[in-house]
Amino acid sequence: MLKAYKYRIYPDSGQRIQIAKTFGCCRFVYNRTLAYKKEMYEKEKKSVSKTDCNNFCNRKLKKEYEWLKEVDKFALTNAVYNMDSAYQKFFKEHTGYPKFKSKHDNHKSYTTNFTNGNIAVDFENGKVKLPKLKGVKAKTHRRFDGRIKSATVSQAPSGKYFVSILAEIEHMEMPHTEGNTGLDLGIRDLCITSSGEKFGNPKTIKKYERKLARLQRQLAHKEKGSRNYCRQKKKLALCHEKIANARKDYLHKVSHKIISENQVIVSENLQIKNMIKNHHLAGSISDVSWYELTRQLGYKAAWNGRKYIKIDTFYASSQICSGCGYQNAGTKDLSVREWICPVCGEKHDRDINAAKNILAEGLRQTA
Ligand SMILES: [Zn+2]
């Protein structure tokens with residue numbers, strides 16, 4: 001199984017120059033081969049393959065622009081291939097026409113391939129070996145044991161550097177369990193399970209979100225392009241990064257717990273969920289978190305032989321008594337948190353009852 005391990009790296013000044021050069025060369029090659037492809041198509045009605053584009057880069061561009069030889073050659077080839085897949089995507093999925101990359105693009109990265117031990121992680125000394133950079137200081141907090149395939153070096157808008165190592169590792173599936181669970185994705189609590197467990201929205205994220213709002217207000221008062229403006233933008237990027245990391249960490253804990261305890265997991269389809277949600281209540285927290293949680297549940301279920309079902313059909317999960325099936329229209333009002341079924345007398349917590357119905361519906365659909 002292929003798995004990515006991302007580490008923060010601390011390149012020295014020489015290494016930072018080399019990384020910046022590689023970003024620049026990749027952007028250059030991307031743009032020039034895109035222009036080449038476009039021109040060949042418009043002038044000669046010829047569709048050129050990614051190999052043709054790579055040959056154009058090696059035989060033509062590298063001759064004309066000697067400095068392209070100063071950076072890692074795999075990074076350039078991957079830039080050409082990225083351009084080609086953006087182009088293919090445009091044809092197949094009718095997404096936007098591939099754009100030329102700008103110098104001011106916030107997303108800076110390049111990918112290099114493993115060959116003859118050119119990429120290695122030294123866990124003992126906290127270093128990552130990369131082509132043309134030798135040893136880069138790194139925070140190697142997660143160990144892995146496997147064959148390295150590639151490495152992606154990136155720089156976040158906050159200015160921090162990272163490397164993501166893709167490796168082929170042997171995967172141990174979690175042991176089989178008898179548990180099943182339904183999940184109600186909520187706003188007050190992020191996720192409520194049919195067995196009554198509630199995962200709240202972490203306070204740290206709320207704290208950072210307030211800080212983010214403050215930073216944004218401050219930015220609005222600064223003169224665009226000024227030194228203070230740039231400094232403020234960096235602070236803002238750092239805050240975004242902190243929120244994203246805190247969210248991911250927390251959601252990994254939640255998804256790990258749910259997957260390890262259950263064999264079948266059922267939740268609502270997010271598109272449906274978004275259609276019916278009350279827009280006044282929905283904060284940005286739940287939107288991003290729901291998406292990320294269901295994404296993690298999806299791949300972790302696949303890795304561990306679990307079944308993750310997303311139910312498509314809309315039905316009034318919070319109105320139906322999970323005990324007897326009676327439909328209680330009185331619970332349409334979102335402020336009703338608890339109710340007693342007038343038919344069977346069962347006492348319900350609104351969200352747990354909904355989660356129970358979601359589980360039952362998922363099991364029914366797959367029976
Ligand atoms: Zn009932």
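Helix H2 crosses helix H3 in a right-handed sense (a crossing is right-handed if the near helix is turned clockwise from the far one by less than a right angle, and left-handed if anticlockwise; helices are DSSP runs of H or I with at least four residues, strands are E runs of at least two, and both are numbered from the N terminus). What you have open is a predicted model, in which local features need pLDDT of at least 70 and side-chain atom pairs count only at pLDDT 80 or more, while totals for chains, interfaces and linings use all residues. Residues are numbered from 1 along each chain as its sequence is written, and side-chain values use heavy atoms, with hydrogens and water left out.

**Stop 1: H2 against H3**

Select residues 50-64 for H2 and residues 73-93 for H3. The two helices pack at an angle of about 135°, their axes 9 Å apart (axes are lines fitted to C-alpha atoms, for helices over the stretch in contact, and angles run from 0 to 180 degrees between N-to-C directions). H2 and H3 are therefore oblique to each other (under 35 degrees is roughly parallel, over 145 roughly antiparallel, 65 to 115 roughly perpendicular, and the rest oblique).

Now show side chains. From H2, Lys 50, Cys 53, Asn 54, Cys 57 and Lys 62 are in contact with H3 residues Lys 73, Leu 76, Thr 77, Val 80, Tyr 81, Met 83 and Asp 84 (contact means heavy atoms within 4.5 Å). Coloured by class, this contact has six nonpolar, two polar and four charged residues (Ala, Val, Leu, Ile, Met, Phe, Trp, Tyr, Cys and Pro count as nonpolar, Asp, Glu, Lys and Arg as charged, and the others, Gly among them, as polar).

**Stop 2: bring in H1**

On the H1 side, pick Thr 22, Cys 25, Cys 26, Val 29, Tyr 30, Thr 33, Leu 34 and Lys 37. Their partners in H3 include Ala 75, Leu 76, Ala 79, Val 80, Met 83 and Tyr 87. The residues of this contact divide into 12 nonpolar, four polar and two charged.

Next, turn to H1 and H2. Their angle is about 115° and their axes are 10 Å apart, so H1 and H2 are roughly perpendicular. This crossing is right-handed as well. Val 29, Arg 32, Thr 33, Tyr 36 and Lys 37 of H1 meet Asp 52, Cys 53, Phe 56, Cys 57 and Leu 61 of H2. By class, that is six nonpolar, one polar and three charged residues.

**Stop 3: two residues with positive phi**

Follow the chain to Lys 45, in the loop between H1 and H2. Its phi is near 55°, a positive value in a residue other than glycine. Is Lys 45 buried or exposed? At 62% relative accessibility, Lys 45 counts as exposed (buried means under 20% relative accessible area, exposed over 50%, partly exposed in between, with a 1.4 Å probe and protein chains only).

Jump to Lys 132, in the loop between strand E4 (127-130) and strand E5. Lys 132 also is not a glycine, yet has a positive phi of about 70°.

**Stop 4: around strand E5**

Ala 138 sits in E5 and counts as buried, at 12% relative accessibility. Beyond its neighbours within four places in sequence, Ala 138 contacts Arg 8, Ile 9, Tyr 10, Gly 126, Lys 127 and Val 128.

Thr 140 belongs to the loop between E5 (134-139) and strand E6 (146-155). Thr 140 is buried, with 15% relative accessibility. Which residues does Thr 140 touch, leaving aside neighbours within four places in sequence? They are Tyr 7, Val 121, Asp 122, Phe 123, Gly 126, Lys 127 and Val 128.

**Last stop: the whole chain**

Zoom out. There are eight helices and 14 strands, and the C-alpha atoms fill a box of roughly 80 × 55 × 50 Å along the principal axes. Of the 367 residues, 43% are buried. Among contacts with a separation of 6 or more, 66% join residues 24 or more positions apart.
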